[in-house]
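These are notes for a colleague opening this entry for the first time. Please read them with the structure in view.

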Amino acid sequence: MKEQILSEFGKRFSESPVLYASAGRINLIGEHTDYNGGFVFPGAIDKAIMAAIAPNDSDRVNVFSIDIDEEVSFGLREEDAPTQSWARYIFGVCREVQKRGGVVKGFNAVFAGNVPLGAGLSSSAALESCFAYALNDLYNENRIDKFELARIGQSTEHNYCGVNCGIMDQFASVMGQKGKLMRLDCRSMEFEYFPFAPEEYELVLIDSRVKHELADSPYNKRRQSCERVAARLGIETLRDADMEKLEAIRDEISAEDYSRAKFVIEEKERVLAVCEALNRDDYETVGKKMYETHQGLSKDYEVSCEELDFLNDVAKECGVTGSRIMGGGFGGCTINLVRKDLTERFTATATERFNARYGHKPQIYPVVISDGARKL
Ligand code: GLA
């Protein structure tokens with residue numbers, strides 16, 4: 001990928017570029033908790049967006065996307081926003097850096113990636129983080145704090161891409177470290193690295209390669225439900241709620257809002273239980289919690305779909321330790337905690353049965369926990 005990007009850059013532009021990369025992410029547990037002030041447990045993976053970038057002494061940005069095979073050029077004022085959705089991520093990052101008092105000047109760039117799109121592995125966060133990291137390095141002597149780079153990506157989603165997301169994806173993409181997951185408290189923003197290298201288990205992603213709906217509006221609707229319940233309870237976020245408080249207002253909120261909030265409250269507890277279990281190498285409990293999360297995401301939060309429920313059932317039947325839908329939902333991957341001696345049989349069975357049922361094979365990705373945003 002590196003050679004291809006450099007060669008394409010050479011064909012289009014004359015400057016000598018610097019290479020940057022940032023990663024996609026997985027999340028062990030803690031789904032839809034980030035915008036509720038709860039905990040998440042993500043890590044960066046070995047699938048990334050990589051960009052060659054060079055200042056061009058102008059006030060214009062010229063970017064070529066290898067994967068989309070399209071070049072877009074835009075200025076750096078608010079009214080210069082491009083219409084192509086992929087370019088809006090980059091434009092948004094430039095604008096968000098500027099809004100924070102950072103310097104951004106014109107540049108030429110070529111980028112490509114191997115984070116599968118729409119698989120719930122946060123290809124957009126990888127793109128945002130790659131450019132945020134690069135602009136900080138190229139124009140701002142790395143003065144912008146790394147955590148703020150993640151916020152720049154998140155604000156880009158909110159202000160330029162219409163997704164009212166939490167901080168998890170951009171945080172994981174920027175801060176990820178090889179071999180380590182991170183537990184982030186999305187209220188205090190404190191986080192801790194957790195080395196993750198179980199001897200007898202591994203994490204495997206099964207990508208259904210289905211995307212039912214653009215996640216944006218159902219995602220934003222889930223968030224609104226949570227905010228309504230929090231407001232009704234007189235608290236800032238559902239982090240401060242518990243089942244007792246929720247039961248007390250059950251008759252005053254819609255059945256749908258009740259289910260959404262119930263999931264979030266239970267999920268918060270599950271992340272803490274998983275941390276404790278990991279501390280004693282108790283992977284059976286970790287897996288059990290993952291299945292519970294799937295159930296909650298499917299029945300209470302309603303962000304699963306038939307194909308993902310099917311993959312979850314197959315995992316259970318194969319005796320996989322833990323399995324659940326991962327990320328925002330409505331398609332994409334399941335994340336599976338599998339005993340190493342079972343992986344081959346499980347992935348073969350899942351592939352065969354999924355193919356027989358839906359007419360296409362799912363994609364299998366072994367999880368390699370890797371570094372986040374960096375200069376190459
Ligand atoms: C998407 C969002 C994240 C998070 C997850 C669900 O990936 O971008 O902020 O809310 O969904 O956990």
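1. The model is predicted. Around its ligand stand Arg 25, Glu 31, His 32, Asp 34, Tyr 35, Cys 165, Gly 166, Met 168, Asp 169, Tyr 219, Gly 327 and Gly 328. By residue class, this shell splits into four nonpolar, four polar and four charged members.

2. At His 32, a backbone N or O atom is 2.7 Å from a ligand oxygen. A polar backbone atom of Gly 166 lies 2.9 Å from an oxygen atom of the ligand, and for Gly 328 the corresponding distance is 3.4 Å.

3. How much of the ligand's accessible area does the protein cover? On its own the ligand has 310 Å² of such area, and the protein covers 92% of it. As for location, the ligand sits in the largest pocket.

4. A separate point concerns aromatic rings. The count of aromatic pairs comes to 19. Among them is the pair of Trp 86 and Phe 111, which is tilted because the ring centres are 5.6 Å apart and the planes are at 50°, an angle between the limits of 30 and 60 degrees.

5. Where do these two residues lie? Trp 86 belongs to helix H2 (residues 85-99) and Phe 111 to strand S6 (residues 107-113), so their pairing ties together parts that are 25 residues apart in sequence.

Notes. Residues are numbered from 1 along each chain as its sequence is written. This is a predicted model: local features need pLDDT of at least 70, side-chain atom pairs count only at pLDDT 80 or more; totals for chains, interfaces and linings use all residues. Side-chain values use heavy atoms; hydrogens and water are left out. A residue is near a molecule or strand if one of its heavy atoms lies within 4 Å of it. A polar contact is a pair of N or O atoms within 3.5 Å; within protein, one must be able to donate a hydrogen and the other to accept it, and residues adjacent in sequence count only if both atoms are side-chain atoms. Accessible areas come from the Shrake-Rupley method with a 1.4 Å probe; for residues, only the protein chains shown count as cover. On a 1 Å grid over the protein atoms alone, a cavity is a set of points where a 1.4 Å probe fits but cannot get out, and a pocket is an open set with protein on both sides within 12 Å along at least five of seven lines; lining residues have an atom within 4 Å of a point. A molecule sits in a cavity or pocket if more than half of its atoms lie within 2 Å of its grid points. Ala, Val, Leu, Ile, Met, Phe, Trp, Tyr, Cys and Pro count as nonpolar, Asp, Glu, Lys and Arg as charged, and the others, Gly among them, as polar. Rings of Phe, Tyr and Trp (its six-membered ring) pair if their centres lie within 6.5 Å; planes under 30 degrees apart count as stacked, over 60 as edge-to-face and the rest as tilted. Helices (H or I, at least four residues) and strands (E, at least two) are DSSP runs, numbered from the N terminus.
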